[in-house]
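Open the model in your viewer and keep the sequence at hand. The tour below goes from one selection to the next.

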Amino acid sequence: MEKKKNEGRKELRLRDILILQAVIVIYTLSSVMAKLASGEEPFSAPFLLFYLAELMILGIYAVLWQQMIKKFELSVAYTNRAMALLWSMLWAVVLFHDRVSVKNIIGVALVIAGTLIVNGGKEEMQ
């Protein structure tokens, strides 16, 4: 009976969540490349290299994301994708020395809380 009850659910393991987060980090690197490109003269060699890097990262992400949505329930995969806000904010602070407001921190904390709730599993209604 228990096996049948959980048959429709995919079990979440920490390793799988970490892999999903790594894919999301790869996605956020495209924004880093875009910001770096924006600081260059349009159509200059550095601009084109950053833009090409952004496109390559997005291509790699697209392939990896397809694998992730095969492995995870769609609701879990998309909820985890919201963690891109955290990673993007981290890149902004670490790489570009941007300032983060209290509202930014509260918003990201809410996203993390929601992600933890979804990753924690759902009790099925009986």
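Predicted model: local features only at pLDDT ≥ 70, side-chain atom pairs only at ≥ 80, totals over all residues.

Select residues 74–81, the extent of α4, and colour Val 76, Ala 77 and Asn 80, which are buried. Now look down the axis of α4: its buried residues fall within an arc of 100 degrees, so they line one face of the helix.

What covers that face? Show α2 (14–38), α3 (45–71), α5 (84–96) and α6 (102–119), which are among the elements covering the buried residues of α4.

Next, keep α3 and α4 and hide the rest. The two axes come within 9 Å of each other and cross at roughly 140 degrees. Angles over 145 degrees would count as roughly antiparallel, and α3 and α4 are therefore oblique to each other. To see the contact, display the side chains of Tyr 61, Trp 65 and Ile 69 on α3, then those of Leu 74, Ala 77, Tyr 78 and Arg 81 on α4. By class, the residues of this contact comprise six nonpolar and one charged, with no polar residue.

Last, go to helix α2 and select Gln 21. Is Gln 21 buried or exposed? Its relative accessible area is 10%, under the 20% limit, so Gln 21 is buried. Leaving aside residues up to four places away in sequence, Gln 21 touches Asn 80, Met 83 and Trp 87. With Trp 87, Gln 21 makes a side-chain to side-chain polar contact at 2.9 Å.

Definitions and conventions:
Residues numbered from 1 in each chain as written. Heavy atoms only, no water. Buried < 20%, exposed > 50% of the residue type's maximum accessible area, 1.4 Å probe, protein only. Helix = DSSP H or I, 4+ residues; strand = E, 2+ residues; numbered from the N terminus. Arc of directions from axis to C-beta. Contact = heavy atoms within 4.5 Å. Axes fitted to C-alpha atoms, helices over the stretch in contact; angles between N-to-C directions. Parallel < 35°, antiparallel > 145°, perpendicular 65-115°, else oblique. Nonpolar A, V, L, I, M, F, W, Y, C, P; charged D, E, K, R; others polar. Polar contact = N/O pair within 3.5 Å; in protein donor to acceptor, adjacent residues only side chain to side chain.
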